[in-house]
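The sequence and the model are shown first, and a description follows.

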Amino acid sequence: MGYLDDLMHRSKEKAGAAALPKPIRQQPPAPAAAQEAPAAAVQKPKPHLEEISPPALAEPTAPEGAVLVSESGVGRIYKTKKGKFIYSVPVPRPSGPEREILDTVKEAATRLITVTPEEIADVKERRAFFKKRILEIIDSSPELGIAPSKIDFYADTIVREMIGYGPLDLLLVDDQLEEIMVIAPNKPVYVFHRHYEMMPTNVVFGRDDDIRGIIDRIARDVGRRIDVKDPLLDARLPDGSRVNATIPPISLEGSTITIRKFRQDPFTVVDLVKFGTINSELAAFMWVATEGMKAKPANVVVSGGTGSGKTTTLNTLAAFIPDGERIITMEDTAEIKLPVKHWIRFETRPPGIEGTGEVTMDTLVKNSLRMRPDRVIVGEVRGKEAFTLFTAMNTGHDGSMGTVHANDARETIVRLTSPPMSVPQLMLAALNLIIVQKRIHDRRKGTIRRVTEVAEVTGVLEDNPQVIYLYEWDAATDTIKPTGVPSKYLQELSKYTGMSYAEIQAEIQRRKEFIERMVMDGVSGIDAVSARIQGFFG
Ligand SMILES: Nc1ncnc2c1ncn2[C@@H]1O[C@H](COP(=O)(O)OP(=O)(O)OP(=O)(O)O)[C@@H](O)[C@H]1O
Ligand SMILES: [Mg+2]
């Protein structure tokens with residue numbers, strides 16, 4: 001008996017010989033959801049990405065009485081009678097016997113295809129190659145009894161499982177999703193949607209092994225391992241998304257995966273103004289500060305809580321850096337995306353499987369200072385690198401930037417000056433601006449992100465850093481207002497440039513109007529916005 005025959009034999013014994021695949025039906029998450037969709041709710045999905053073959057997928061169905069409210073990526077968002085949202089992708093949940101066949105072919109493919117996915121760098125080519133080989137395997141195995149109409153379904157599912165991230169691939173293609181969360185087997189995968197916020201999907205992993213399979217793939221791709229001794233994993237997917245994974249026993253209900261989706265086209269200053277995160281005046285002030293009127297760019301820290309949008313705002317600021325400057329960015333997970341040419345990106349490296357080879361943020365920052373940078377940007381300042389970064393700021397590396405995890409300007413200072421960052425208070429004077437951003441739940445507007453404070457450290461008096469506030473957010477009116485306190489940084493800039501304070505204010509006004517024009521013109525995408533910004537100088 002051949003290898004495949006042998007496997008099939010065993011699989012049929014387990015599944016029962018008569019257990020041929022049944023037509024796939026969508027299984028939405030709620031029990032009430034197992035009904036057919038109302039006819040009106042079933043429409044053709046939006047154009048699919050090339051790598052996902054629509055014919056192989058079942059149509060998503062809606063829970064009874066639910067209405068289709070939006071299409072997003074390859075998914076559809078339904079609102080149930082109770083007003084809850086559900087994200088439904090056309091992913092089939094294979095029946096038991098189908099699962100057996102999938103496993104059989106997958107096992108055969110794993111043995112027979114000797115090329116590792118990593119050997120084919122182009123993702124599309126990789127998928128095409130694997131699909132072709134899997135079709136060959138299915139083709140030469142009539143004993144599987146796969147109906148011709150089902151061949152694509154099996155091949156695509158196996159490709160997704162072997163070289164993709166299984167059904168998560170269908171969620172990963174949607175740029176409207178901020179986060180994708182696998183919480184345990186037999187529970188819906190959740191997503192956080194930009195407009196509809198947190199909701200369950202119809203994707204459910206039936207076995208913890210299926211989640212583990214994806215985690216192991218992610219770990220292998222980044223040369224790491226996850227096991228009982230080391231049950232946590234931080235990694236990055238090839239598309240740039242950040243992943244955290246955990247396995248039992250530390251996650252009690254089963255393995256978890258949390259993906260912070262990477263936006264292929266990052267938000268720009270135009271988006272932030274449109275969202276109300278900043279207004280055009282603050283945007284113009286930030287532009288003058290990061291650009292520095294070609295004389296003295298500000299050293300800036302963006303602070304905020306988890307998911308408040310720090311990295312996004314940092315990216316927006318960095319996009320104001322004049323083209324031609326030499327930018328070095330350092331991150332734990334590369335998220336910054338700049339439209340400039342002269343840019344060197346670094347990523348820290350955790351210890352490898354043998355516990356060696358770690359490259360810390362501090363090492364990277366020290367190294368960057370030997371690279372004649374114009375700008376040093378640290379994705380997240382957390383540890384010893386804070387001291388190195390502040391030493392750089394204090395020795396003339398103007399225009400350095402980073403983010404800090406803190407809830408307001410004062411807390412930012414406390415964090416920076418306490419272990420493990422331990423920046424001496426005297427060094428704080430080199431920090432020009434603290435931009436504080438918050439993620440806020442607004443009763444009417446839902447989740448909003450706002451810059452709530454823009455502060456300056458004016459000096460240190462008897463061990464007490466002196467902070468002044470230039471802008472403050474007013475919750476009652478949801479507006480960010482200048483406090484009227486004159487900016488120490490702008491006064492300094494006035495000395496460096498020979499311009500009067502009023503002239504600098506006039507420049508901010510000019511740029512404010514320029515940004516408003518971009519918003520009005522609907523300029524979108526980082527390339528277009530950056531082209532306009534760089535074009536401002538003529
Ligand atoms: N101003 C904004 N308005 C709306 N959505 C935003 C805004 N800024 C960021 N986001 C979205 O919020 C999510 C988190 O953003 P980001 O990664 O910038 O936050 P963060 O504070 O750096 O998070 P972390 O603490 O995890 O590093 C992303 O999906 C991003 O697209
Ligand atoms: Mg971040």
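## Terms and overview

Helices, of type H or I with at least four residues, and strands, of type E with at least two, are DSSP runs numbered from the N terminus. The model described here is predicted.

The protein chain contains 15 helices and 18 strands. Of its 538 residues, 41% are buried. Among contacts with a separation of 6 or more, 59% are made by residues 24 or more positions apart.

## Surroundings of ligand 1

Ligand 1 is surrounded by 15 residues, of which the closest are Glu178, Gly309, Lys310, Thr311 and Thr312. Two elements, helix H7 (269-275) and helix H9 (310-318), each give two or more residues to this shell. The most come from H9, which gives three residues. Sorted by class, the shell holds three nonpolar, eight polar and four charged residues.

Nonpolar side chains tend to be buried together in soluble globular proteins. The largest nonpolar core in this model has 71 residues, and Leu282, Ala283, Val300 and Leu389 have the most contacts inside it. Helix H8 (residues 280-291) supplies the largest share of this core, eight residues. Another core, of 34 residues, lies apart from it and includes Ala66, Tyr165, Leu171 and Ile247.

Leaving aside residues up to four places away in sequence, Leu282 touches Val451, Val454, Tyr471 and Ile480.

## Helix H10

In helix H10 (residues 361-369), the buried residues are Met361, Leu364, Val365 and Ser368. They lie on the same side of H10 because they cover an arc of only 95 degrees around the axis. An α-helix has 3.6 residues a turn, so residues three or four places apart point the same way. The cover over the buried residues of H10 includes strand E11 (327-331), strand E12 (343-347), strand E13 (375-378) and helix H11 (385-394).

## Backbone features in loops

Most residues other than glycine have a negative phi, and most peptide bonds are trans. Pro248 and Pro249 are joined by a cis peptide bond with omega about 10 degrees; Pro249 belongs to the loop between strand E8 (242-246) and strand E9 (256-260). A cis peptide bond also links Pro419 and Pro420, with omega about 0 degrees, and Pro420 sits in the loop between helix H12 (409-417) and strand E15 (433-442).

The loop between H12 and E15 also holds Ser422. Ser422 is not a glycine, yet its phi is positive, at about 50 degrees. Ser422 counts as partly exposed, with 13 C-beta neighbours inside 10 Å. Asn186, likewise not a glycine, has a positive phi of about 60 degrees and lies in the loop between strand E4 (177-182) and strand E5 (188-193). Asn186 is exposed, having 11 other C-beta atoms within 10 Å.

Notes:
Residues numbered from 1 in each chain as written. Chains lettered and ligands numbered in written order. Predicted model: local features only at pLDDT ≥ 70, side-chain atom pairs only at ≥ 80, totals over all residues. Near = placed C-beta within 6 Å. Nonpolar A, V, L, I, M, F, W, Y, C, P; charged D, E, K, R; others polar. Buried ≥ 20, exposed ≤ 12 C-beta atoms within 10 Å, placed from the backbone. Arc of directions from axis to C-beta. Contact = placed C-beta atoms within 7 Å. Core = buried A, V, L, I, M, F, W, Y, C linked by C-beta atoms within 7 Å.
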